[in-house]
Each structure stands twice: as C-alpha cells, then as structure tokens.
Amino acid sequence: MRWVNVRPSRRNSVLLGALPLLLVVVAYLFASAARHAANPSDKILPTPAAMATAMHSLLVDADPLSGRLIFWADTLASLERLGLGLGICTLSALLVGMVLGILPAARASFGALVTTVAVIPPIALLPVLFIVFGLGEAAKVALIVIGVTPFMIRDLADHVAALPQEQLIKAQTLGASSWQLALRVALPQALPRLIAGLRLSLGPAWVYLISAEAIASDIGLGYRIFLVRRYLSMDIIIPYVAWISLLAILMDVALAQLSRRAFVWAHQTSR
Amino acid sequence: MSELLTFENVWLEYGEKIVLERVDLGIAERSFVSIVGPSGAGKSSFLRLVLGQEAPTRGRILLDGKALRPECGPDRGVVFQRYSVFPHLTALRNVMFGRECTSAPFTARLFGAARRAAAEEAEAMLVEVGLGDALHVYPAQLSGGMQQRLAIAQALMARPRVLLLDEPFGALDPGIRQDMHRLILGLWRQHALTVLMVTHDITEAFGLGTRVLAFDKRRVDPHAPHRFGATAVYDLHLTRKAPPDAVDLESEVLRLTELVITNTEDSL
C-alpha cells in the first residue's frame, strides 16, 4: 500500500498524536537528569520535583507583600486583559466587517483605511499606546485590540463580500430590504467565520498580551515570566509557559465546540 | 391574453461594447418562454435586465404596462443554476424567508399565529414540490435536484408576476432533469405562472416552452465584433399537439433505466 493511502483509525490517531508529545517530555527528563548528574545545582533544566517545589509556593502561599496567591492572581489578570481585548475586537470586527462586506460604498470609503492600519506592526505602536493610555490596563488591552481587530475585520468583510451574488439577488426578489439582507442572510453566515477568525487570532493576541505585560506591568503571566528571568528561575518559567499553552488550547477547543453547537449547518459536509 | 412584459427597442451597452440591440418583444401572461442561443449572445444579460440587476441603456421595459424598476423586487422570482437557497436555513425556513421579510420589516422574523400560518403555507408549498419529508433539513444535505426544488418553492411563495429561471436544471443528471421538467410544467399550469427560462438544452427549450426565443447577433463585423449586439433572431410560438405532460411510454422507460443506472437521486 502507498504511504499516501495509509489512514490511521480514530483511536490510533490519538495515540500517534500523543506520541511526539510524550517523546519531548521524556527527552527533557533525560537531559535534565544528565545535567543534574554533572552539576546538582543546575538551574537551566530543572527537574519536575524542583518545578513542583517552586510552583507550590506560588500556587498556595500568599505573597507576603500583597497578600495574593501569585499564580492565580497572574492568571486572572492576564485572562481579564485578554478577554476584554478580544471581546472588543470581536464586537468591532463584527460591526465593521459586516458593514464593509455588505455595502460596496462603505468598502470603497473605508477599505483602504483598514488595510493601512492592518499593515502597521502593532508592537511598534506600543510606545504610542503607553504614552496615550499610560502604563495601566488600557494600554495593554488597546495593544491587543489594535493588533487583532484589523485582521478580523478584513477576514470577515472578505467573507461577507464573497457570499454568492445569487443569494443576495434571491433574497431581494423575496422582498428583503438592505437591513433584512444584513440581518437574515449575511449575519448568520458571518458568525461561524467570526469565530474561526477569533480562533486564528488567539495566538497573536497572546503575543501582544505578553509583550505588553513584559514591558510595563506589576501582575500577569507575562510579567511573572520576565520578572523571574532575572533569577534564572526556569523552574517557574517552564510551568508558566506550559500553563499559558494549556489556556490557549482550552480557549481554542471551547470556540471550536461553540461553533459546532451553534452553527450546525456550517459544519455539515455537502452530499 | 394580455401582455405582461414589453420590451421597446431595448439596448444594453457597456461603453463601446454592445451586448443587446433593438430588442422588441412582448411576453404574454401565462406563457412559458425558453431562451436559447450560443454563449455570449446576451441570454443572461437579457435575464438580468428583466431581473432588474441592470437597466437598459436605451429603450424601456414595461411590466404590467408600468416601467420596470431597475432593482430586484418581489414581483420577479428567480431560480439560478446554483446558490439560490440559503445554506444556514432549513428547507422550511428557506421557504418562509420571503413571508418573514415582507411581514416583519424590522426583525424579519414572525412569531405566534403569523409564524404558524407562514409555516403551514411553506409546508404546503414544500409538499407540492416533493420535499414534504425534508422540512427540517439544511440545503447541504439535499441533493442537487432537491435543492432546485427548494429554490423553486422559495420563489413561488412570493407569488411573483414573472418567474425567471437561469439554466435551472443545467447541473442535474438527465433522469432528474426530466422529473424537474414535469414538476415545473405542473407548477406553471397550477399557479398560472409566466416563466422565462434561459437554457443551453434545445430539447428542454422546445419541450417546455410555449415560445422559444433564440438570441444571436444579426450582423458581425470581424474587425470589431463588439460593435454589434445580439437580439432575438428567432421567435417561435409553439402550439402543442399533445398535452406536454402526457407520459410517453418510451421516454418513461428511458427515464427509469437512467434512474437505475445512475441510482443517485430521489425518485419520489
């Protein structure tokens, strides 16, 4: 049988998928053990036991200065910023994307502006945001919004504009007004795409969040990683990075499930 | 029979390029007009004019004696070859769509008794086109022929003055196509429709139509082919000897054989 025709079953796919992950973990354990055999106080590749001890104090012991459980306070702060930023992105992308997609006149007027904003590297604007919004929460949320929204707007506007012309004509021959076209034809077909766009934007959004936290913050997952870097605390950095990855995966899966549940029609393969 | 659609010296030009020229036609109410012609002979442009997607650059088009609005409206129904149903609505909701738009301008949704009435009417229409047992199915799960049935039902709910068909059966298997011919002829008679159908299939054009229009260019300038437009070069009024839906034994046998061979579609 040709290699291209070898298709693993569902159960085997899960096993095959888990295998490389497992290999990475095992490789790390060996490397860590080897380094510790040579130098028991090695900090670069901490053992799982060392990570557990380091994390334990962050997880359950209150910080003597602020009285907070640092790990959970960091997570909450980061998720708040991310949620707020992505919420604003999604709503504005839906609104602007729909208008640009449906109304050719709006596209002609504002399409170029959105494209221009989209090509500005958001990190380059970070100093501007710090100057305008100060070093508080607003600047961090604004960075996520500025970084992600133009992409989501363009994605959604393109999708809505690419709806088959026949559908729009048909709706008009059935008596639909512009508003009804937007509400009943374009909006329902835009929503699954909006969720898909949001899923794709999760990665960049995390990047912007951590960048903003690294530069000016006093709490947050990104802040913590950059803080403990000064002490070479890989035993904290590695669990934090793993936790961030886990959160990102959970969000992605949750959005995929939401789309599947709410928009059954969009996930059916045609016969 | 009264004239429903009138074309008075209609021209359609894009700058230098002339697509249609001197189209002078009267379409009688309750007629079934087939439009044939080679590719690029302006069949689809002609349909777009009637649909209101485009306005004639010269001349005028009258519907019921009044100038046609150059924008699609509920007086004209349409079925395209593809993409004329809404993928995010079930069959029933697809057919209810028109009613919901006309009776609820802001929400485009009906509630309570009005909704039940619309649903009942839509269901009756779906039963009529043979989709009675696919009410709550999304179009993606319907076969090509069933999607076209749905598109027809959807268009008929709005009770259009003219039903425009743009190669509606072009993408279907031959056996299914014959089922669809029977269906559209039945509906045409039942609902006293006026139908304009663009097709590539000459047999279909003569089999269904009471009148066949052939579009082509009368003159061609080889150095500037775009300077002459197409018009209806043949205009044939057909009188049928036999009722069009009388089942011809031979063709019925052929049809069933095809169904068995292709074995794809709903034989209903």
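**View 1. Confidence of the predicted model, with chain B in focus.** In this predicted model, chain B averages a pLDDT of 84, and 89% of the residues score at least 70, where pLDDT is the predictor's confidence in each residue, from 0 to 100. The model scores ipTM 0.82 and pTM 0.84. Residues are numbered from 1 along each chain as its sequence is written, while chains are lettered from A and ligands numbered from 1 in the order in which they are written. Because this is a predicted model, local features need pLDDT of at least 70 and side-chain atom pairs count only at pLDDT 80 or more, whereas totals for chains, interfaces and linings use all residues.

**View 2. The contact between chain A and chain B.** The contact takes 21 residues from chain A and 27 residues from chain B. On the side of chain A that touches chain B, helix H7 (165-173) and helix H8 (178-215) of chain A each supply at least two residues. The residues of that side of chain A divide into 8 nonpolar, 9 polar and 4 charged, with Ala, Val, Leu, Ile, Met, Phe, Trp, Tyr, Cys and Pro counted as nonpolar, Asp, Glu, Lys and Arg as charged, and the others, Gly among them, as polar.

**View 3. Packing of helix H3 and helix H9 of chain A.** Helix H3 (residues 70-102) of chain A packs with helix H9 (residues 221-228) of chain A at an angle of about 130 degrees, and their axes are 7 Å apart; the axes are lines fitted to C-alpha atoms, for helices over the stretch in contact, and angles run from 0 to 180 degrees between N-to-C directions. That angle makes H3(A) oblique to H9(A), given that angles under 35 degrees count as roughly parallel, over 145 as roughly antiparallel, 65 to 115 as roughly perpendicular and the rest as oblique. A:Asp74, A:Thr75 and A:Ser78 of H3(A) make the contact with A:Leu221, A:Gly222 and A:Arg224 of H9(A), and the residues of this contact divide into 1 nonpolar, 3 polar and 2 charged.

View 4. In strand S7 (residues 162-166) of chain B, 5 of the 5 residues are buried, so the strand is largely enclosed by the rest of the structure; a residue is buried if 20 or more other C-beta atoms lie within 10 Å of its own, exposed if 12 or fewer, and partly exposed in between, with C-beta atoms placed from the backbone. Both faces of S7(B) are covered, with B:Val162, B:Leu164 and B:Asp166 buried on one side and B:Leu163 and B:Leu165 buried on the other. Strand S6 (residues 76-79) of chain B runs parallel to S7(B) and is joined to it by 4 bridges, two strands being paired if DSSP finds at least two bridges between them. B:Gly77 has B:Leu163 as its bridge partner in S7(B), and B:Val78 has B:Leu164. S7(B) also pairs with S8(B) in the parallel sense over 4 bridges, and here B:Leu163 stands opposite B:Val195 in S8(B). Both faces of S6(B) are likewise covered, B:Arg76 and B:Val78 being buried on one side and B:Gly77 and B:Val79 on the other.

**View 5. Two residues with positive phi.** Most residues other than glycine have a negative phi. A:Leu232, although not a glycine, has a positive phi of about 60 degrees; A:Leu232 is found in the loop between H9 and helix H10 (234-262) of chain A and is exposed, with 11 other C-beta atoms within 10 Å. B:Asn9, in strand S1 (residues 3-14) of chain B, has a positive phi near 45 degrees and is exposed, with 12 other C-beta atoms within 10 Å.

**View 6. Surroundings of A:Leu126.** A:Leu126 lies in helix H5 (residues 122-133) of chain A and is buried, with 21 other C-beta atoms within 10 Å. Leaving aside neighbours within four places in sequence, A:Leu126 is in contact with A:Leu143, A:Ser211, A:Ala212 and A:Ile215.

How values were computed
Two residues are in contact if their C-beta atoms, placed from the backbone, lie within 7 Å.
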